[in-house]
Amino acid sequence: MDSLHGLMELVRDDLGVPLDIPGDADADLADLPGWDSLNLLRLVILLEENGHPVPVHRLLLARSLHEMYTLVKERR
Amino acid sequence: MTAPGNSPLGPPLSEPIAVTPWGNTWDQVRDELAGHGSAIVHAKLSDLEPELPAGQDLRTLLGRDWTRYMDLTHADVRNRYAASRMLLKYAAGAVLRGDPDDLELAYGPTGRPYLRGCDQIDISLSHTEDLLLVGLTTRGLIGVDAEWADRDMYDAGLGRHICTPYELILLAGMPAGEERNRGLVRLWTLKEAYSKAIGQGMQFRFTEFGFGPDGRPVRVQRPDGTPGTGDEWLFRTFVLKSGYCVSAAVYDAGFGPLRDPEITTMLDQDCVDAINEALDEEDD
């Protein structure tokens with residue numbers, strides 16, 4: 001998971017959120033079908049498993065997947 | 001002077017009531033609110049979607065939410081957004097005896113919704129999959145949340161991001177499998193409901209407050225399981241026949257029963273007394 005595209009694939013394939021890649025990169029998370037706060041927690045775990053630990057309270061600041069990816073990059 | 005948790009209302013929260021905008025269960029909702037000070041209603045998204053108004057009628061119903069609605073690009077997200085606001089406004093309109101179109105939904109700094117100009121009633125909204133849920137209270141504050149009772153949470157490793165150390169011990173003591181997972185779903189919905197009631201959302205870290213087991217009075221607990229709040233908060237969890245786990249958190253500000261929440265007749269008694277006093281002085 002070394003790119004925004006990779007993060008979006010993780011969300012689509014592992015969380016089952018039907019994403020348009022890359023079209024939904026900047027979409028508000030609330031505008032993504034099937035997205036909810038539990039998916040955010042599952043994404044935290046997936047990021048950990050992929051070697052990119054990000055605390056939940058940091059990821060809560062993100063309004064889009066693009067912003068999430070920026071947070072992941074900042075913590076490398 | 002009110003004392004939190006000192007309300008002489010009856011049994012606090014009853015089973016959520018199934019409703020549709022033009023259904024016949026609204027009297028039950030009004031009775032529930034009058035008798036207990038709180039009511040929870042639920043509806044199926046698939047039942048409401050065909051009833052959604054279109055064009056200008058939808059714009060009128062949504063009011064200031066229209067702009068947000070137009071910003072949503074996915075049709076199913078838009079429909080859910082509109083249907084949830086329609087349910088909330090019909091629920092509030094039913095208990096306030098007002099026209100849903102005339103009610104204005106507003107949001108506080110943390111996104112917490114409220115009915116502008118109608119502070120005799122507090123509201124909360126939740127939706128998941130095909131379920132729409134609205135909580136109403138005249139006691140003080142309310143938060144509601146719903147989740148599919150069998151959503152995979154425990155085996156997905158979510159417990160350590162949601163639970164206090166004490167809760168993790170309690171969960172580990174439950175039979176593995178469905179029961180333990182449902183225990184975690186219950187805790188999740190309780191925490192979501194409580195954090196919605198206090199207007200914090202997940203910014204209030206879920207691992208720093210907890211709840212004890214069901215079947216006894218449920219209170220907020222500190223991470224080590226010691227009491228965190230008192231009788232001013234009450235919590236209930238229900239599992240609907242449709243398979244959803246629903247939790248509600250109600251803060252009792254001690255206002256006591258509100259027999260007449262209607263928007264057209266409700267007057268603040270202190271205000272009435274002040275006006276009467278002023279009129280009496282004029283007469284003298």
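The structure is a predicted model, in which local features need pLDDT of at least 70, side-chain atom pairs count only at pLDDT 80 or more, and totals for chains, interfaces and linings use all residues. Residues are numbered from 1 along each chain as its sequence is written, chains are lettered from A and ligands numbered from 1 in the order in which they are written, and side-chain values use heavy atoms, with hydrogens and water left out.

Let us start with chain A. Its mean pLDDT (the predictor's confidence in each residue, from 0 to 100) is 92, and 100% of its residues reach 70 or more. Chain A holds four helices and zero strands, where helices (H or I, at least four residues) and strands (E, at least two) are DSSP runs numbered from the N terminus. Along the sequence the pattern reads α-α-α-α. With a radius of gyration of 11 Å, close to the 11 Å that the globule rule gives for 76 residues, chain A is as compact as a globular protein of that length; the radius is taken over C-alpha atoms, and the rule is 2.2 Å times the number of residues to the power 0.38. The C-alpha trace of chain A spans about 25 × 20 × 20 Å along its principal axes. Among the elements of this chain, mean pLDDT is highest in helix 1 (residues 4–15), at 96, and lowest in helix 3 (residues 56–59), at 88.

We turn next to the interface. Contact (heavy atoms within 4.5 Å) involves 20 residues from chain A and 21 residues from chain B. About 1700 Å² is buried between the two chains, 58% of it on carbon and sulfur atoms; buried area is the accessible area (1.4 Å probe) that two parts lose on being put together, summed over both. A:Asp31, A:Leu38 and A:Leu41 supply 34% of the area that chain A buries against chain B, more than any other three residues. Two salt bridges link the chains, each a side-chain nitrogen of Lys or Arg within 4 Å of a carboxyl oxygen of Asp or Glu. One of them pairs B:Arg160 with A:Glu48 (2.6 Å, N to O). Helix 2 (37–49) and helix 3 of chain A each supply at least two residues of the side that touches chain B, and helix 2 gives the largest share, nine residues.

A cis peptide bond joins A:Ile21 and A:Pro22, with omega about 5°, and A:Pro22 lies in the loop between helix 1 and helix 2 of chain A. In chain B, B:Arg97 has a positive phi near 55° although this residue is not glycine; B:Arg97 sits in the loop between helix 5 (75–96) and strand 3 (105–107) of chain B.
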